[in-house]
Structure formats: C-alpha cells, structure tokens
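Hi there,

Here is the structure I promised to pass on to you. Have a look at it first, and then read my notes below.

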Amino acid sequence: MGFLVAQFLTGLANAASLFLVAAGLSIIFGVTRIVNFAHGAFYMAGAYVAYTLTERLEGGFGFWGGLVLAALAVAVVGALVEMLLLRRLYQAPELFQLLATFGMTLMVEDLVVLVWGPDDLVGRRAPGFKGAVEILGQPVPSYDLLLLVLGPVVLGLLWLLFHRTRFGVLVRAATQDREMVASLGVNQKWLFTGVFALGVGLAAFGGAVQLPRDAVNHGMDLGIIVEAFVIVVIGGLGSLPGAFVAAVIVSELNAFGILILPRISLVLVFLVMAVVLVIRPWGLFGKPDAVQRAPAATAIRPWRPLVPRERAVLAALVALAALLPLGAGPYLMTIGAEILIFAIFAMSLQFLMSGGGLASFGHAAYFGLGAYAAAFLVKQAGFATLAAVAAAPLAGLVGAALFGWFSVRLAGVYLAMLTLAFAQIVWSLAFQWVSVTGGDNGILGVWPDAWLATPARFYELTLLLAVVLIALLRRVLLSPFGYALRALRDAPLRADSLGLDRMRIQWAAFVLSGTVAALAGALYAVLKGSVFPDVLGIPQSIDGLVMVLLGGVGTITGGVAGALVYKTLSIWLMSQTDWSKLVLGAVIVLLVVACPKGILGFMGDLLHRRQHPPPEAPPEAPAERAAEVHDAA
C-alpha cells in the first residue's frame with residue numbers, strides 16, 4: 001500500500017510540471033491560434049538557463065531566484081519571437097505557424113548544444129528540499145511534495161489573473177471571438193504579445209522546476225511537446241482546469257502503466273486521448289469551437305489540368321531524371337531513390353491536406369505499416385521484392401480505413417491530434433511487441449532480389465512508381481471525386497445541401513492517401529534493407545508536414561517540390577556541417593516568411609503576375625488636371 005501511495009504522489013509531482021507547460025500551450029493557442037511546436041524548445045531553454053543561473057547565484061535565494069529569472073528571461077525571448085516572426089504569420093493558415101515554430105525548434109536544439117555542450121547537465125538540489133519524507137513506510141522526496149503544492153497554486157493564480165483582471169477578461173474574450181475584441185478597440189498586437197510571453201514563461205518555468213529532479217539534456221523538447229499536446233486535447237483547448245485534470249490523468253497513467261500494464265505502457269496515454277476524442281471531440285472540459293477556422297488548405301486559384309507546354313516541360317524533367325543513372329554513382333542513385341520515396345510520401349499527405357483540408361499529424365502510421373508489411377512478407381513469407389512491395393500497401397489501406405473512419409468525424413486540430421494518437425499507438429506496438437517486430441532492434445535483412453540490387457536499377461523502379469503514383473493522385477484531385485472533396489473542404493454546408501456524403505468521401509480520401517503512403521514505406525524498407533520503429537515516429541510525420549507546407553499546401557503537387565528541397569537540403573547539410581539543424585531551421589523560417597504560400601505557391605504567383613499584369617491607371621482628364629493646378633495656385 002505504501003508503495004502505491006508513493007507512486008501516486010510521484011505521479012502528482014510530475015503533473016505539476018506538465019500542467020505548467022500544457023497551460024501555456026493552451027493559452028497561446030486559445031488566443032493567437034498558433035500551434036506552437038516550439039513550446040517544448042522553450043521548456044528546454046528554461047531548464048538550461050535555470051541551470052546556468054543556479055550555478056552562478058549563491059544561497060537559497062539565488063537558487064529559487066534563478067528558477068524565476070530563467071522563466072522571465074525565456075518569456076522575454078518569446079515576446080521577441082512573437083513580435084519579430086509570428087506577427088507576420090497571423091494571416092496565414094495555422095499550419096504555416098506550425099512550420100515556422102518547427103524551424104525554431106530545430107534551431108534551438110543546435111543552439112543549446114552550441115552553448116551548453118552535448119552532455120547531460122545535473123543541476124543543484126533544491127535548498128531546504130534535499131531529503132525525503134517517510135509516508136506509510138515509503139520515502140517520498142520532499143521536493144516532490146513541494147511540486148504537489150505548486151500545481152494547484154499556479155492554477156489558482158492563473159484563475160485570478162483571468163477572472164479578476166482586465167488583461168484576463170480581454171484574453172478570455174479573445175479566446176471566444178478575437179475579431180469582436182479588435183472591433184472594440186483593443187490593441188491586439190500587445191495582447192497577443194503578452195499572451196505569448198505568458199505561455200512561454202509558464203513552459204520555461206515548467207522546465208526550470210524540473211532541474212532538481214532530472215538531468216538537463218537536448219532531447220527534452222520533443223518528449224514534452226507530445227505530452228503537452230495530449231494534455232491540452234484531453235482537457236479541452238483553452239480550459240485551464242481541463243489542462244490540470246488531464247495532466248494528473250496522464251501523469252498517473254505514466255506512473256502506474258509501467259507497473260500494471262508494462263507491455264502497453266507507452267500506448268496507454270494515446271489510447272485515452274483517442275477514446276476521449278471519439279466520445280467528446282472538444283475534450284473533457286472544453287466547449288465546441290464557435291470560431292470558424294480556415295481549412296488546412298485553400299487553392300490559391302482554381303486548379304486546372306496541365307496545358308501542352310507544361311506537360312512537355314514536365315516530360316523533359318522526368319526524362320532528365322531517368323537519364324541520371326548514366327552519369328551518377330551508386331551513392332547519388334541511393335540518395336535519389338530516397339528523395340523519390342519521400343516525394344511519394346509527401347504527395348500522399350498533400351492529397352489529404354490540399355484536396356480535403358484534412359491535416360494529419362500522424363501520417364507516418366501508414367508509411368510505417370507499409371514498411372513493416374514489406375519486411376514481414378520478405379523475411380517471414382519469402383515473397384519476392386516486387387510481390388512484397390505490391391502487397392504491402394494493403395496494410396496501409398486497412399490502417400487508414402480503420403483510423404480514418406474515426407478521424408473524419410472530427411475537424412481541425414482535434415482531427416490532427418487523433419491521427420497523432422493512432423500513429424503513436426502503432427509506434428508503441430512496434431516498439432513494445434518485441435517478439436514480432438524485434439522492438440528497438442527492428443527487422444534486418446530486407447534486401448531486394450538480385451536483379452534489383454543495384455542502386456541504379458532500384459532508382460529506376462522508384463522513379464517509375466513515383467511518376468505513376470503522383471500522376472494518379474493529381475488525376476484524382478481533378479476528377480469529379482476530387483471536386484466533391486474540395487467542395488467539402490471549402491463550403492461544407494453547401495456541399496451537404498447538395499447531398500454530398502461528407503464522411504464517405506473524406507474516408508475514401510483517407511484510405512487512398514494511406515495506401516499510397518504505405519507503398520512509399522515498403523520501398524523505403526527495401527531501400528534501407530531494414531525497418532525500425534522510427535519509421536512510425538512523430539519526427540517522420542513532422543517531416544511529411546514540413547515537405548507539404550514548404551512546397552505549398554494550397555497547390556496541387558507542392559509536396560513533391562517540398563520533398564525535393566527538404567530532403568536534398570537536409571542530406572547535404574548533414575554532410576557539410578555539424579550544425580545542420582540550426583541552418584535547416586533558419587532556412588525553413590526564412591522560407592515561411594518570404595514564401596508563406598510555399599515554393600510552388602510563390603512561383604505560381606510570379607507566373608500569374610507575368611501572364612496577367614495589372615491594368616494601367618487611366619490618364620487624368622484635362623479638366624481634373626486644370627482644377628488641381630488651380631487649387632495648387
């Protein structure tokens with residue numbers, strides 16, 4: 001009994017830090033609509049800055065003051081980021097802000113290594129809280145008991161801030177209807193800056209208070225951001241009590257899951273999130289979203305089939321790519337095949353996001369299902385390479401049919417988070433079902449047959465499949481089915497009135513998209529000769545999103561251009577510098593600011609302006625000019 005009580009108290013102590021981070025994320029999203037992927041980076045920065053300050057400041061006052069100063073310092077940085085970067089992106093779709101904050105995350109990861117080094121840092125113990133208190137015969141760290149109090153205290157302070165101050169009233173009003181707040185004359189710029197700084201400060205304080213409990217390391221950001229998103233979604237966007245309750249639920253699941261259900265401990269949290277979203281899509285304490293949000297993508301201008309001149313250019317580019325084996329070595333052929341595989345993967349996500357306006361944060365699930373299916377078919381069933389690649393997409397089809405059936409019932413961020421939950425469930429199964437998947441060791445020896453073993457031959461096969469699949473998806477988007485899908489994206493009420501079956505059409509799009517992504521995964525497994533749980537992980541899904549957004553989510557094939565640029569740049573930077581994430585993140589941020597419509601969207605605008613120059617202003621009438629001369633005189 002004593003052990004269970006101690007475990008319960010440890011879970012509550014973890015909940016305090018999680019609540020701080022999730023509360024900041026919820027406040028920022030509720031007011032500014034920013035999906036702040038850099039929130040975990042600010043959490044990590046808070047821990048690192050707190051480490052430096054507490055090592056230099058002496059005494060108990062120096063330690064506690066160091067934690068608070070770290071949160072304030074990072075909050076100031078957050079305010080500068082909002083003013084210099086995010087203000088430029090408020091009019092862009094929400095996912096562009098996600099891309100910009102993702103670029104910032106990459107930059108911060110390398111910056112902390114540059115400043116504090118690659119090794120883990122162990123901070124000082126909290127003065128006055130170094131020992132343990134015995135409860136029912138079990139020692140419980142006294143610092144954990146302090147955190148037990150900290151969580152409710154911060155919740156109470158935030159409640160007072162939002163219910164007893166003018167700032168809080170404005171923030172709550174902006175959460176419900178920020179356009180109405182603007183029409184009342186409230187300076188939204190400073191309101192947004194204040195909210196963003198407050199949210200970032202809470203995240204940094206959450207990282208700082210972890211200093212006496214855990215070592216500071218440069219992998220803290222990705223670990224916390226996923227849990228923070230899960231808590232916000234379970235609790236309900238914009239609900240601080242919901243974030244607190246959800247933080248307790250998630251922390252206790254983590255604390256007891258490893259004891260009661262060790263084989264599925266990693267999946268428990270995501271199972272709970274999936275169940276909550278299916279039963280109550282707006283979270284436990286949230287309310288249905290009254291704000292009409294823009295879809296994930298809207299076409300810059302009506303899409304059309306390629307004209308003969310464009311087809312000729314495209315055919316020339318494909319022919320040029322087909323001739324590459326004549327002059328390139330095996331390494332370049334392998335890199336080329338990998339880029340083509342990710343072009344297929346990105347195009348499958350582009351089909352879903354651009355055509356249906358359905359943002360998926362877990363598209364790697366289908367890529368990974370295809371990769372594992374191909375590995376099983378080659379290693380266990382003895383399939384030939386082509387037969388395995390042809391059959392493996394069935395796994396993606398089944399997965400997309402199952403997950404898509406639940407996902408299309410939601411919209412916006414909730415839909416994206418449910419797809420993330422399903423992807424994490426599949427990842428957890430691959431990671432923990434060691435007897436079948438090999439766990440972290442993966443499945444090795446998935447090499448192609450002898451006739452396909454040369455890099456040039458595999459590249460040619462990948463190029464052929466990429467051209468066929470990308471053309472197929474593009475053709476579907478321009479078919480009657482594609483028109484219906486886009487109608488549901490742009491005008492769902494009108495589409496419903498016309499009798500279009502929204503769920504059936506979007507579900508079919510999910511299935512097709514997942515099947516193509518699985519085919520890309522099967523090719524990837526054969527190319528690498530192995531498959532690991534990483535192919536199902538969150539970074540893989542984020543890579544797909546980055547490719548689509550970079551190429552242009554409002555375009556018909558932007559994902560292909562995004563994949564070519566992103567993969568080429570990331571592979572080249574890794575071979576040229578140790579700070580590849582810093583440079584890549586900076587490039588992504590610059591591209592988002594300079595080309596908010598993506599690379600193809602930017603090029604399309606240039607081409608459109610050249611073909612349709614603005615009309616010249618009509619010459620002034622002589623009488624008007626005479627009147628101006630008279631007035632001037």
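Leaving aside its neighbours within four places in sequence, which residues is M273 in contact with? They are V230, V233, I234, M417 and A421, where contact means heavy atoms within 4.5 Å.

Before going further, please keep in mind that this is a predicted model, in which local features need pLDDT of at least 70 and side-chain atom pairs count only at pLDDT 80 or more, while totals for chains, interfaces and linings use all residues. Residues are numbered from 1 along each chain as its sequence is written, and side-chain values use heavy atoms, with hydrogens and water left out.

**The core**

M273 also turns up in the largest nonpolar core, which has 195 residues. Together with M417 and I588, M273 touches the most other members. A nonpolar core here is a set of buried Ala, Val, Leu, Ile, Met, Phe, Trp, Tyr and Cys residues joined through side-chain atoms within 4.5 Å. Buried means under 20% relative accessible area, exposed over 50%, and partly exposed in between, using a 1.4 Å probe and protein chains only.

Helices are DSSP runs (H or I, at least four residues), numbered from the N terminus. Helix α5 covers residues 142–164, and its 23 residues reach 33 Å from the first C-alpha to the last, close to the 33 Å expected. The expected span is 1.5 Å times one less than the number of residues. Among the buried residues of α5 are Y143, L147, L150 and F162.

Helix α15 (393–407) has 15 residues, which should span 21 Å at 1.5 Å a residue; its end C-alpha atoms are 20 Å apart, which agrees. Its buried residues include P393, G396, F403 and S407. What covers the buried residues of α15 includes α13, α14, α16 and α21.

A359 is found in the loop between α12 and α13. With a relative accessible area of 10%, A359 is buried. Its C-alpha atom is separated by 20 Å from that of V275, 84 residues apart along the chain.

**The empty spaces**

Rolling a probe the size of a water molecule over the atoms shows where empty space is left. On a 1 Å grid over the protein atoms alone, a cavity is a set of points where a 1.4 Å probe fits but cannot get out; a pocket is an open set with protein on both sides within 12 Å along at least five of seven lines; and lining residues have an atom within 4 Å of a point. Grid points are joined across faces, edges and corners, and a volume is the space filled by probe spheres set on the points.

About 2,100 Å³ of space lies in the largest pocket. Of the 50 residues that line this pocket, the closest to its centre are L306, L314, L317, T557 and L600. Helix α11 gives the most to the lining, with ten residues. The lining divides into 34 nonpolar, nine polar and seven charged residues. Ala, Val, Leu, Ile, Met, Phe, Trp, Tyr, Cys and Pro count as nonpolar, Asp, Glu, Lys and Arg as charged, and the others, Gly among them, as polar.

How many cavities of 30 Å³ or more does a search of the whole structure find? It finds four. The largest cavity holds about 90 Å³ of space, and its lining has nine nonpolar residues, no polar and no charged. Helix α8 supplies the largest share of that lining, three residues. In the second largest cavity there is about 70 Å³ of space, and α8 gives the most to its lining too, with three residues.

Happy exploring!

Key:
Helices (H or I, at least four residues) and strands (E, at least two) are DSSP runs, numbered from the N terminus.
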